[in-house]
Amino acid sequence: MKTYAYGFPRIGRGREFKKNVEAYWSGCLKEKELVKAMYRLEEERLLGYQKHVDIFPLGEFTYYDNMLDTALMFGVYKAKDLDDYFAYGRGKKALEMKKYFNTNYHYLVPVIKRDQKFKVSWNKPIAYFRCFKGKDKDKPVSIIGPYTFLKLSRVEGNFEKTFNDICGAYGELFKRLEGEGVKAIHLEEPAFCLDVPGADVTSIVRNFKRMISEGPGISLITYYGSVDFLKELYDVPFSGLGLDLVAGKDNLDNLRKCGFPSGRHLICGVVDGRDVRRSDIEAKVRLVKDIKKAAGTGDENILVSNSAPLFHLPVSTILENGLKRSHRDLLSFALERMHELGLIKKAFYGDKKEATEWSEAVAGTKIRRTEGIFDTASLPEKVYDKRKKLQAKELALPLFPTTTIGSFPQDAEVRKMRMGYRKGQIGTGEYRDFLKGRIRELVRKEEDLGLDVIVHGEFERTDMVEFFAQKLEGFLTTSNGWVISYGTRAYRPPIVMDKIYRKVPLTLRETLYAGKLTDRPVKGIFTGPVTILAWGFCVRTEPISTVAFELARALNEEARDLVSKGVKIIQVDEPAIKEFCPIKKRKEDAYFSWAIRSFNLTTRLPEKVQVHTHLCYSEFSTIIDRILKMNFDVITIETAREKGKVLNVFAKAGFRRQIGPGLWDIHSKYPANNATIRRILDKGIELFGAENIWMNPDCGLKTRGWEEVEVSLDKICSLAREYRKNTKYAKNG
């Protein structure tokens, strides 16, 4: 038996990845200096692998996103230098972003034109193999597989033909790798865990047999769920197959039914790559023995591995100096997961002493799963007309009301003051006076720009999830538990350790202070229960639905306190509503029943209170019926990067409530564009009526600069005034 790990975080122990790339963006680092810094970081990352596991892949590292890298590898896009490369993530060529399956990692979405000709344009695997193979030429090189690449792309032509064509290019790549001396390929195909149609299965088997019949040995790595077509997949001449035995528990039953081909390696994903509860090593050993028995294979063909890429986890608990021993003993981050693989291997062969000590705090406990379907507590659609009239009377807003999603730029002074307060270097009074000053300046600026619904700017919040975890009871937050969300954007997921409840107000002080400074409505804004859980971790053993309902009740208390103090608009952000959803459709109903119920428990408020929600980067076409079961009056969504195409999904579903289509793509470095605003606005008016359209940016403005924010919001507010003067809209409104 051997150990096999993949996907170790690229962020670095001290966020070196983020710091170096952003230094290059700001002009403080030249291209050659960035390349050297990234080389050093990759060397350090690979040393972590070498210390803990037998086998790991090369070529996982990316300067921004591996989906973009794959598109460049096969000629979908070209980049002459790093500036050109980064332009696809944050420049004028910026590609649309979507969530990577059901995770909080965002990838860039390639567009595959109808006449696309695939060819090996950039041989990234060879470049990394040459740099980092060292003395061991048997190391596999990592590549995203062709089926996953196309499933995550926007394919404009016939999918089967496109798949046939790109598999030919992959075959050519494999031949070149063989010529370079590459002996093994780590080919990631998480899309095999989707609900793969029968026609696609036939095409996968046919193309993969042709593509990998010769050349290096191929390990097909699947994760995030189970593979429903194992028997057919066995016809493909792979040398190894990676299966997720954590999220994809059905994989074990499938192995019992189908066995496993003799002479091939079974890569068993048994330690959790997406959560941080420490493994019970004895339980994992029993699982490996069950897998071995079901597969009917020998020890020599078993490799123990992580269930999903380790980049979903922070680097290491070693970096958390302030952790209590009782907390540390419950946790495993990426480095610890690799350590656990070694413990499983030792314990499998009888050396259990270290494993027993490691698992002492979690041994014998069992995580209970959510079962059954919950009542979503959804309001009937017909009530929204009545709510709209009541709220219109309360709020007295103009046609095309303007607002923002919530956060405003956080400059170095804001971050310095917050850090000083957190470390005890700045007193409570001084810190609160500073926040009041920032809120005063912002409210004045919002009024001058002409925004109709005011926000307080969220200067006190480090992150839309971490902030609430720090205020609520039951959470643990870390100092260095950083995880990449997209590009260089990193966040620190909180960890649910105990029962969740609200001991002190969460947002009242800042929201109510802003309300004293203006006659315009001020939104009370907080993150929804599903997003807080999806963008965090949970080490409790209760069903996740139980935890979600606890959190919803705590957040509802906050909302009711805001309303009792005169706040008339409550915004509950749920950008991760799709994220927690299992990737198998047959498991969606149970998930959405508790996810939607938790949102609706949070927003259980008087009908005159206008409820807003913000969703982003979801494939809305697949969940629009679920969205309509959420109790909100106004929804804001991201639409600028794809020029409002998603609005068609809402129109087709008969959406009749109010909607704020994002008019400025805040994830690129450019200000709002008048032509884009008009295009999206006109489309929204045509589909939903002028009386139902709000005007707002795509998302929060925390990471943007003040100059571009003011320019962009001025454009949005100016166009709102222009459109209001149009008599045909005024008549309809």
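1. Let's start with Thr531, whose side chain comes within reach of the backbone nitrogen of Ala576, at 3.1 Å. This is a predicted model, so please read that distance as a computed value. Thr531 sits in helix 20, which runs over residues 529–534. Which residues does Thr531 touch, leaving out those up to four places away in sequence? They are Val465, Asp573, Glu574, Pro575, Ala576 and Ile577. Thr531 has a relative accessibility of 0% and therefore counts as buried, the cut-off being under 20%.

2. Gln610 belongs to strand 19 (residues 610–615). Is Gln610 buried or exposed? Its relative accessible area is 3%, so Gln610 is buried. Its side chain has a polar contact with the side chain of Gln391, at 3.4 Å.

3. Next, the nonpolar cores. The largest has 142 residues, and those touching the most other members are Phe149, Phe174, Leu187, Leu220 and Val270. Take Leu220: with residues up to four places away in sequence set aside, its contacts are Leu187, Phe192, Phe208, Leu233, Val236, Phe238, Gly240, Leu241 and Gly242. Another core, of 103 residues, lies apart from the largest one, and its members include Leu435, Leu506, Ala554 and Ala720.

4. The largest cavity holds about 520 Å³ of space. Its lining has 30 residues, and Met464, Arg489, Trp535, Cys699 and Gly700 are the ones nearest its centre. Strand 13 (483–486), strand 14 and strand 16 (523–527) are the elements that give two or more residues to this lining. By class, the lining of the largest cavity has 12 nonpolar, 11 polar and seven charged residues.

5. The second largest cavity has a volume of about 380 Å³. Of its 27 lining residues, Glu60, Asn66, Ile144, Glu188 and Phe311 lie nearest the centre. At least two lining residues each come from helix 3 (66–73), helix 5 (124–132) and strand 5 (141–144). Which element gives the largest share of the lining of the second largest cavity? Helix 3 does, with five residues. The lining of the second largest cavity divides into 14 nonpolar, six polar and seven charged residues.

6. If you are looking at open sites, the second largest pocket is one to visit, with about 1,400 Å³ of space. It is lined by 39 residues, and closest to its centre are Arg15, Lys18, Glu22, Arg415 and Thr703. Helix 1 (16–25), helix 16 (412–422) and strand 14 (489–491) are the elements that give two or more residues to the lining of this pocket. The largest share, six residues, is that of helix 16. By class, the lining of the second largest pocket has 18 charged, 11 polar and 10 nonpolar residues.

7. Lys702 lies in the loop between helix 25 (674–688) and helix 26 (706–725). Its C-alpha atom is 5.5 Å from that of Gln410, although the two residues are 292 apart along the chain. Besides Gln410, Lys702 is in contact with Ser407, Phe408, Pro409, Arg461, Thr462, Asp463 and Arg489, leaving aside its neighbours within four places in sequence. Arg489 is also one of the residues nearest the centre of the largest cavity.

8. Finally, two backbone angles to look at. Most residues other than glycine have a negative phi. Ala377 has a positive phi, near 60 degrees, and is found in the loop between helix 14 (353–358) and helix 15 (383–395). Ala396 also has a positive phi, of about 50 degrees, without being a glycine. The place of Ala396 is in the loop between helix 15 and helix 16. Why does Ala396 count as exposed? Because its relative accessible area is 65%, and exposed means over 50%.

Conventions:
Residues are numbered from 1 along each chain as its sequence is written. This is a predicted model: local features need pLDDT of at least 70, side-chain atom pairs count only at pLDDT 80 or more; totals for chains, interfaces and linings use all residues. Side-chain values use heavy atoms; hydrogens and water are left out. On a 1 Å grid over the protein atoms alone, a cavity is a set of points where a 1.4 Å probe fits but cannot get out, and a pocket is an open set with protein on both sides within 12 Å along at least five of seven lines; lining residues have an atom within 4 Å of a point. Grid points are joined across faces, edges and corners, and a volume is the space filled by probe spheres set on the points. Helices (H or I, at least four residues) and strands (E, at least two) are DSSP runs, numbered from the N terminus. Ala, Val, Leu, Ile, Met, Phe, Trp, Tyr, Cys and Pro count as nonpolar, Asp, Glu, Lys and Arg as charged, and the others, Gly among them, as polar. A nonpolar core is a set of buried Ala, Val, Leu, Ile, Met, Phe, Trp, Tyr and Cys residues joined through side-chain atoms within 4.5 Å. Buried means under 20% relative accessible area, exposed over 50%, partly exposed in between (1.4 Å probe, protein chains only). Contact means heavy atoms within 4.5 Å. A polar contact is a pair of N or O atoms within 3.5 Å; within protein, one must be able to donate a hydrogen and the other to accept it, and residues adjacent in sequence count only if both atoms are side-chain atoms.
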